[in-house]
Amino acid sequence: MIKTPARDVFAIITDFLAENPTDEELLAYKLPDDLQARVSHLLYLNRESELTCEQRHELDDYIRADHMISRMKTKTKLRQKGLA
């Protein structure tokens, strides 16, 4: 079983953003491999209906973080095209 990482997904993202990434770095951003593996594990448990309440909250955090990053990437692309 994959253990819950001690790192908070929002802390990882805000640390990245605090470095003032370039547009290219932002567009290329993805979560670190250990967090990607954790998301995959939680999604597997979700498909099998085996998530605990705590794991459900953790998965919800990852989903919110993914939506936030996706929005930032979309806005960056629109700004680059002069549409935002």
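Partly exposed describes a residue whose relative accessible area lies between the buried range, under 20%, and the exposed range, over 50%. Tyr 44 is therefore partly exposed, because its relative accessible area is 42%. The model is predicted. The protein has 4 helices and 0 strands, in the order α-α-α-α along the sequence.

**Overall build**

- The C-alpha trace spans about 45 × 25 × 15 Å along its principal axes.
- Of the 84 residues in the protein, 27% are buried.
- Among contacts with a separation of 6 or more, 61% are between residues 24 or more positions apart.

**Helix α1 and its buried face**

- Helix α1 covers residues 9–18.
- Its buried residues are Val 9, Ile 12, Ile 13 and Phe 16.
- Viewed down the axis of α1, these buried residues fall within an arc of 95°, so they line one face of the helix.
- As background, an α-helix has 3.6 residues a turn, so residues three or four places apart point the same way.
- The cover over the buried residues of α1 includes α2, α3 and α4.

**Packing of α1 against α4**

- Two packed helices are described by the angle between their axes and the distance between the axes.
- The axes of α1 and α4, the latter made of residues 53–80, come within 9 Å and cross at roughly 25°.
- The crossing angle makes α1 roughly parallel to α4, because angles under 35 degrees count as roughly parallel.
- On the α1 side, the contact is made by Val 9, Phe 10, Ile 13 and Leu 17.
- On the α4 side, the contributing residues are Asp 61, Tyr 62, Arg 64, Ala 65, Met 68, Ile 69 and Met 72.
- By residue class, the contact of α1 with α4 comprises 9 nonpolar residues, no polar residues and 2 charged residues.
- Val 9 and Ile 13 belong to the contact with α4 and are also among the buried residues of α1.

**The aromatic pair**

- The structure holds 1 aromatic pair.
- The ring centres of Phe 16 and Tyr 29 are 4.2 Å apart and the ring planes are at 25°, so the pair is stacked.
- The cut-off that matters for this assignment is that planes under 30 degrees apart count as stacked.
- The two partners come from distant parts of the chain, 13 residues apart: Phe 16 is in α1, and Tyr 29 is in the loop between α2 (23–28) and α3 (33–47).
- Phe 16 counts as buried, at 14% relative accessibility.
- Tyr 29 is also buried, with a relative accessible area of 12%.

**Residues of helix α3**

- Tyr 44, the partly exposed residue of the opening, is in helix α3.
- Tyr 44 and Ile 13 are 31 residues apart in sequence, and their C-alpha atoms are 23 Å apart in space.
- Val 39 is also placed in helix α3.
- Val 39 is buried, as its relative accessible area is 16%.
- Between Val 39 and Glu 24, 15 residues apart along the chain, the C-alpha separation is 24 Å.

- Asn 20 follows α1 and lies in the loop between α1 and α2.
- Although Asn 20 is not a glycine, its phi is positive, at about 55°.
- Asn 20 is exposed, with 65% relative accessible area.
- Ser 49 is found in the loop between α3 and α4.
- The phi of Ser 49 is near 55°, a positive value in a residue other than glycine.
- Ser 49 is exposed, with 70% relative accessible area.

**Arg 79 in helix α4**

- Arg 79 is located in helix α4.
- Arg 79 is partly exposed, with a relative accessible area of 44%.
- Setting aside neighbours within four places in sequence, the contacts of Arg 79 are Asp 23 and Ala 84.
- Arg 79 and Asp 23 are 56 residues apart along the chain, and their C-alpha atoms are separated by 9.9 Å.

Notes:
Residues numbered from 1 in each chain as written. Predicted model: local features only at pLDDT ≥ 70, side-chain atom pairs only at ≥ 80, totals over all residues. Heavy atoms only, no water. Phe/Tyr/Trp six-rings, centres within 6.5 Å; stacked < 30°, edge-to-face > 60°. Helix = DSSP H or I, 4+ residues; strand = E, 2+ residues; numbered from the N terminus. Buried < 20%, exposed > 50% of the residue type's maximum accessible area, 1.4 Å probe, protein only. Axes fitted to C-alpha atoms, helices over the stretch in contact; angles between N-to-C directions. Parallel < 35°, antiparallel > 145°, perpendicular 65-115°, else oblique. Contact = heavy atoms within 4.5 Å. Nonpolar A, V, L, I, M, F, W, Y, C, P; charged D, E, K, R; others polar. Arc of directions from axis to C-beta.
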